[in-house]
Amino acid sequence: MLIKPKRLQPGDTVATVSPSWGGAGEPELRWRYKQGVQRLEEVFGLNVIAMPNSMKGGDYLYHHPEARAEDLMTAFKDENIKGIIANIGGSDSIRLLPYIDFDVIRDNPKIFMGYSDVTISHLFCHTAGVSSFYGPAILTDFAENVEMDPYTVEMVKRTLFSNEPIGEILAAAKWTSERLEWKEDNKHTRRSMKNNSGIEVLQGAGSATGSLIGGCIEVLEFAKSTKIWPEEEYWKESILFFETSEDKPEPQFLTYWLRNYAAQGILQKANGIIFGKPQDEKYYEEYKIEIQTVMKEYGLEDMPILYNMNFGHTEPKFILPYGAMAEINCDNGTFSILESAVE
């Protein structure tokens, strides 16, 4: 069992961190960071502070992973900080590993949220025995042009501010992966949205429940065979969640990675899997073929699997709390989180 952090309340202080890429501190992106902070303040009533190293820019933070880790440790230790939100992902947060004090996280459980390369920081929390939140980041979802997507706002409130069971997660009616340059001239331009086809039952029947574990499937590759790779017990009777990044990996890589999970016995231990919508829906059909191929290779054709879920590298997105009990219902094509994510 992972420790649940305390829920957020209006007036609480949250810290922003850059555990991966330091783009929030680049002069040309400061406006974007401020816009994300403004949403935290105005939409959710939070007080926001930037951790000391987080705004020193991409070059400094690339060369100083220890400074990124120091921000994380300081934010967890500070009793006045009730939540920590990543500015954005990147590709090298595995370099923080030598500088992480897992006792600090374990002794100071609090909300920590982000996605993509922030998967590594989630595994820091997981190793410490604390639940964290695979979800929105400052520069993307909170700083969305014009306004935050109402779907994301609802999910933040339901997941981080309420100690009621989260319940069924409906598919977003519309989605976008449109890339608009992050320049201030574009801040009043909405990204174009597409109709969403909804949750797709890829295989399986009936329902399955399990505790949530997963992340960005490419980033998880960094963690294999390290001390932050989850122990066997956490894969048992789990609901795995996987999504692919903006790199849009070619379909055969999904086959390679999933075969590894099967070779480890992880797929066989899990009760079900959910997959996020691929960015731009690139390889949408091809990924399904690769997933089903691996399942067939290992005699797992009956495992409940949902596809095209609204988390990961498309917007808007819901939030996945590590360790929370979730349910896949193949007969109804639904996904629910059966408990609260916070105390």
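**Figure 1. Arg191 reaches two glutamates.** In this predicted model, the side chains of Arg191 and Glu144 are joined by a polar contact of 2.8 Å. Arg191 counts as buried because its relative accessible area is 16%, under the 20% cut-off. If you skip the neighbours within four places in sequence, Arg191 is in contact with Glu144, Thr176, Ser177, Glu178, Leu180 and Glu315.

Figure 2. Most peptide bonds are trans. Pro316 belongs to the loop that runs between strand E13 (305–309) and strand E14 (320–321).

Figure 3. Which residues line the second largest cavity? They are Asp141, Glu144, Asp149, Thr152, Glu315 and Pro316. Sort its lining by class and you get four charged residues, one polar and one nonpolar.

Figure 4. Most residues other than glycine have a negative phi. Val146 is not a glycine, yet its phi is positive, at about 75 degrees. You'll find Val146 in the loop between helix H6 (138–142) and helix H7 (150–160). Ser225 also has a positive phi, near 70 degrees, and sits in the loop between helix H8 (217–223) and helix H9 (232–235).

**Figure 5. The largest pocket lies between two domains.** Why is the largest pocket said to lie between domain 1 (13–164) and domain 2 (169–337)? Because both domains give residues to its lining. The space in this pocket comes to about 770 Å³. There are 32 lining residues, and those nearest the centre are Ile88, Thr140, Arg179, Glu246 and Gln279. Helix H8 gives the most to the lining, with three residues. By class, the lining splits into 13 charged, 10 polar and nine nonpolar residues.

**Figure 6. Lysines sit close to the centre of the second largest pocket.** Here the volume is about 250 Å³. This pocket is lined by 16 residues, and the closest to its centre are Lys6, Ile81, Lys82, Pro109 and Lys110. Its lining has eight charged, six nonpolar and two polar residues.

**Figure 7. The largest cavity holds about 60 Å³ of space.** How many cavities of 30 Å³ or more does the structure hold? Two. The lining of the largest one includes Ile217, Phe242, Glu243, Leu254, Phe275 and Tyr307. Strand E11 (238–243) and strand E12 (272–276) each supply at least two of the lining residues. Seven of the residues in this lining are nonpolar, two are polar and one is charged.

Methods: Residues numbered from 1 in each chain as written. Predicted model: local features only at pLDDT ≥ 70, side-chain atom pairs only at ≥ 80, totals over all residues. Heavy atoms only, no water. Buried < 20%, exposed > 50% of the residue type's maximum accessible area, 1.4 Å probe, protein only. Polar contact = N/O pair within 3.5 Å; in protein donor to acceptor, adjacent residues only side chain to side chain. Contact = heavy atoms within 4.5 Å. Helix = DSSP H or I, 4+ residues; strand = E, 2+ residues; numbered from the N terminus. 1 Å grid on protein atoms, 1.4 Å probe; cavity = no way out; pocket = protein on both sides within 12 Å on 5 of 7 lines; lining within 4 Å. Points joined across faces, edges and corners; volume = space filled by probe spheres on them. Nonpolar A, V, L, I, M, F, W, Y, C, P; charged D, E, K, R; others polar. Domains from an automatic or database assignment.
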